[in-house]
Amino acid sequence: MRIDLSTSRLEEPVSAEDKPESTETADVTGPPARSATVRHSHDDAPDSATDFARLAALEDGPERDAVRDELVTAWLPMAHRIAGRFRDRGENIEDLRQVAAVGLVKAIDRFDPSRGAFESYAVPTITGEVKRHFRDRMWALRVPRRVQELRNKVRLARRDLTLNPGAPEPTTAEIAAHAGLTEDEVAAGMEAMESFSTLSLDAELSSTEDNYSLADTLGDPDSSYDVVVDREAAKEGLRRLPERERDILYMRFFEDMTQNRIADRLGISQMHVSRLITRSCARVRDEALGGPSRSGRGAADADGRTEGK
């Protein structure tokens, strides 16, 4: 099965520093053994036009895989060199080389020898793969593509404005004018520059003896808010209870008295106290939830007076 080259396209814009310095097109339309010699711009760009012509002519199988592996091995130093351009940007160089190697394999699989020299196609393809790695995998939080682009524009503008030694830090207005952005867009880009990596919750924020971490400064859910809501919801229902039932609830829940002690103080049975507490709580709860009360005040008073006598 032949490779479909119609899907080959560059997905990332390539800056001037990422373009090859100079290439010449090889004529590989004739027999592979008589292909023209190509002059490359770097020592790590081998003359492999013959192998690419063989690769394009072979069907899938062991022989084609062997030729493909030879091309990957031959051009791997160039992929490593491109990866080296992105060192010191927060990613391990070995990981960058792995990403560049993936881009190299994609370039080899998609390359059409009849369209020119491989180097002129491989360099932007590998560079784009590395840039996509930074764009999609290096952010600790998922940031919209638009904000990432603003970050890059702001970063380049700040670099251009501070090239001269001793140059002051450019203002937001100066960066906006240089990058062709609005001040709000510059602010969003500068905020994104500080958000490329997250800060650990265990990071120490104090250099004194009583060191504390970022986690120590974060608040916990405050249950008191729920208590305030519950009290306000129950306040009106408690106010409507008969005085004796309010006293019973107060002694039980605020003075922490047992039902037996409440019964002795009021001269009624412990069972009667239990029924009154259950009935009062149900009534207050129903009124707080907006439902009908389970018993009327008159019934409660009558019941209480009957058993109390």
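Is Arg151 buried or exposed? Arg151 counts as buried, because its relative accessibility is 16%, which falls under the 20% limit for that class. The model discussed here is a predicted one.

**Buried arginines**

- Arg151 lies in helix 5, which spans residues 145-161.
- The side chain of Arg151 forms a polar contact of 3.4 Å with the side chain of Asn152.
- Arg132 belongs to helix 4, made up of residues 118-137.
- With a relative accessible area of 15%, Arg132 is buried.
- A polar contact of 2.9 Å links the side chain of Arg132 to the side chain of Glu129.

- Once neighbours within four places in sequence are set aside, Lys153 is in contact with Ala179 and Leu181.
- Lys153 and Gly180 stand 27 residues apart in sequence, and their C-alpha atoms are 9.1 Å apart in space.

**Nonpolar cores**

- In soluble globular proteins, nonpolar side chains tend to be buried together.
- The largest nonpolar core in this model comprises 26 residues, and Trp75, Phe118 and Ile126 have the most contacts inside it.
- At least two residues of this core come from each of helix 1 (49-57), helix 2 (62-84), helix 3 (93-110) and helix 4.
- Apart from neighbours within four places in sequence, Phe118 is in contact with Phe52, Trp75, Leu104, Ala107, Ile108 and Phe111.

**Packing of helix 9 and helix 11**

- Helix 9 (residues 243-253) packs with helix 11 (residues 270-288) at an angle of about 100°, and the two axes are 10 Å apart.
- Helix 9 is therefore roughly perpendicular to helix 11, a description that covers angles from 65 to 115 degrees.
- By class, the residues in this contact are 7 nonpolar, 2 polar and 3 charged.
- On the helix 9 side, the contact involves Arg244, Glu245, Ile248, Leu249, Arg252 and Phe253.
- On the helix 11 side, the contact involves His272, Val273, Leu276, Ile277, Ser280 and Cys281.

Conventions. Residues are numbered from 1 along each chain as its sequence is written. This is a predicted model: local features need pLDDT of at least 70, side-chain atom pairs count only at pLDDT 80 or more; totals for chains, interfaces and linings use all residues. Side-chain values use heavy atoms; hydrogens and water are left out. Helices (H or I, at least four residues) and strands (E, at least two) are DSSP runs, numbered from the N terminus. Buried means under 20% relative accessible area, exposed over 50%, partly exposed in between (1.4 Å probe, protein chains only). A polar contact is a pair of N or O atoms within 3.5 Å; within protein, one must be able to donate a hydrogen and the other to accept it, and residues adjacent in sequence count only if both atoms are side-chain atoms. Axes are lines fitted to C-alpha atoms, for helices over the stretch in contact, and angles run from 0 to 180 degrees between N-to-C directions. Angles under 35 degrees count as roughly parallel, over 145 as roughly antiparallel, 65 to 115 as roughly perpendicular and the rest as oblique. Contact means heavy atoms within 4.5 Å. Ala, Val, Leu, Ile, Met, Phe, Trp, Tyr, Cys and Pro count as nonpolar, Asp, Glu, Lys and Arg as charged, and the others, Gly among them, as polar. A nonpolar core is a set of buried Ala, Val, Leu, Ile, Met, Phe, Trp, Tyr and Cys residues joined through side-chain atoms within 4.5 Å.
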